[in-house]
Amino acid sequence: MLGKSVADLETPALLIDLDIMERNLQRVADYTREHGLRLRPHTKTHKIPALGRKQIESGAAGLTVAKVSEAEVMLGSGTPDLLVAYPIIGAAKLDRLMQVAAHTRVTVSLDSLEAARQLSAAAQAAHRDIGVLAELDAGLGRVGVAPGPELVELARAIDRLPGLHLEGIAFYPGQIKTVGETAALSELIGSVARELRRAGLAIAIVSGGSTPTLFESHKIDGLNEIRPGTYIFNDRNTMLSGACSLEDCAASIMATVVSTAKPGQMIIDGGSKTFSSDRPVTAEVSFGHVVEAPEAVFTKMNEEHGYVDIRAVKRDFAIGDRVRVIPNHVCVAMNLHEFVYGVRGGYVEQVWRVEGRGKLQ
Ligand SMILES: Cc1ncc(COP(=O)(O)O)c(C=O)c1O
C-alpha cells in the first residue's frame, strides 16, 4: 500500500493530507508556546498512537482520552502524561486505569464525590497517587458541577481524599460553536479560579478548550491548559464555526460514484457506515462538503449509499468518478474506519490502523 498512488486505493477510503495535518499541528504548537499554554490534545479525533506521539513531539505536555480502553491504546504513543477527561465509574474500569497508571502519569476529571471516592479507593489499593481535576459546567450542561459553593465543596472533598491530589479544574465549552464568543466564558473561568484560590485550594491547572475556541484560549482569564482534539484534521463543522477554512481540512473521505440513474443525483459508495450520521452544527441538512463540487448537497444516507444532489453543480459526474468529501464530524468518521491513509503529493506515505476505534469501555 505504501507508495501507491491515491488513485489506486479502493474506496471508500479516509485520506489524511499530511502537509495540512503537519501545518495544523505546527500552528497550534506555535500558538501554545507563544501564549504559555499547556497543550494536552484530545486524541478522540485521531485515535492513533503514532499521531499522539507526533503531538507530543511537537510540544504537547500529554494527551487526553475519554475511556480507559482509549488510555490503554494511547500508552502506545509513549506519552508521559494522560488526562482521562471523563468520570470513571466501577471497580473493573478503575483497576484497569490503575494498570495504565503504572506506565504513565494519570489525571482524571470528575464531577461527583462518589466518583472521587471510587477513584480514591482504587488508587489506595494500587498504591498510586492520582491527579484529579474538579469538573465545572461552563454552560454545556453535560458533566460538571455548577460554579460556586458546589464546586468549592467538590474540590475540597477531592483534596482530602487519600490517594488523590487536587490539580485544578476542568471544563469543556462545547456549547460555543462560533469563533469570537468567549467573553462570558472568560469572566466565568477567571472568577471561579479566584474563588477556589480564596478558599485556600491549590489550583495549578485550569484545563479547557475546544477547536472552535482554540485560538482565543489566551483571552480566557485563568486558562492555562487546552485540550483541542479536532484541530489536527479539522472538519466541516470546524469550517462552519469559522475556526478554519477548506485549506485547513486534512481529512477527507474518497468515494466513488456508483449510480447516476436518477437525474440530478449521484449515489456514492459510502453512507452512514462511512461518514456517520452526525448533522452539521448549523440547521442545514448536509453530511459533508464535496470538494470537487462545492455546490453539491449531500442530502441523505443509508448505510452504504450517499445521496448527493447535483442539480446546482456545473459539471457532469459519471459512474466510476471519484470525489472527496470533508465529513461534518471527523472524530466519529475516524471511528468507522479500520485503516486510514496518510497521503502526500498524490501518493500514500502512511497507512495507520485506527487502534482506538470502537474502544467504548
Ligand atoms: C472533554 C473534552 N475535551 C476536549 C474536547 C475536544 O474538543 P474539539 O473536538 O472541539 O477539539 C472534547 C470533544 O468532544 C471533549 O469532550
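## Close-up views of a predicted model

F339 has its place in strand β16, which covers residues 339–344; helices (H or I, at least four residues) and strands (E, at least two) are DSSP runs, numbered from the N terminus. The model is predicted, and for this reason local features need pLDDT of at least 70 and side-chain atom pairs count only at pLDDT 80 or more, whereas totals for chains, interfaces and linings use all residues. Residues are numbered from 1 along each chain as its sequence is written, and side-chain values use heavy atoms, with hydrogens and water left out.

**View 1. A nonpolar surface patch includes F339.** F339 is partly exposed, with a relative accessible area of 35%, where buried means under 20% relative accessible area, exposed over 50%, and partly exposed in between (1.4 Å probe, protein chains only).

**View 2. Helix α6 spans residues 149–160.** The expected span of a helix is 1.5 Å times one less than its number of residues, so the 12 residues of α6 should span 16 Å, and this agrees with the 17 Å between its end C-alpha atoms. Within α6, the buried residues include L151, V152 and L154. The buried residues of this helix pack against several elements, among them β5 (105–110), α5 (113–125) and α7 (183–198).

**View 3. S286 sits in the loop between α9 (272–275) and β12 (288–290).** With a relative accessibility of 3%, S286 counts as buried. Leaving aside residues up to four places away in sequence, S286 touches R236, P280, V297, F298 and N328, a contact being heavy atoms within 4.5 Å.

**View 4. The side chains of R96 and E72 form a salt bridge, at 2.9 Å from N to O.** This pair links distant parts of the chain, since R96 belongs to helix α4 (residues 91–101) and E72 to helix α3 (residues 68–74), 24 residues apart. A salt bridge is a side-chain nitrogen of Lys or Arg within 4 Å of a carboxyl oxygen of Asp or Glu. R96 is partly exposed at 24% relative accessible area, and E72 is also partly exposed, at 35%.

**View 5. D30 and R33 meet in a salt bridge of 3.3 Å, N to O.** Both residues lie in helix α1 (residues 18–35), 3 residues apart, which is about one turn of the helix. D30 counts as partly exposed at 34% relative accessibility, whereas R33 is exposed, with a relative accessible area of 56%.

How values were computed
Patches are made of residues with over 30% relative accessible area and no salt bridge: like charges are joined within 9 Å, nonpolar side chains (Val, Leu, Ile, Met, Phe, Trp, Tyr) within 5 Å. Accessible areas come from the Shrake-Rupley method with a 1.4 Å probe; for residues, only the protein chains shown count as cover.
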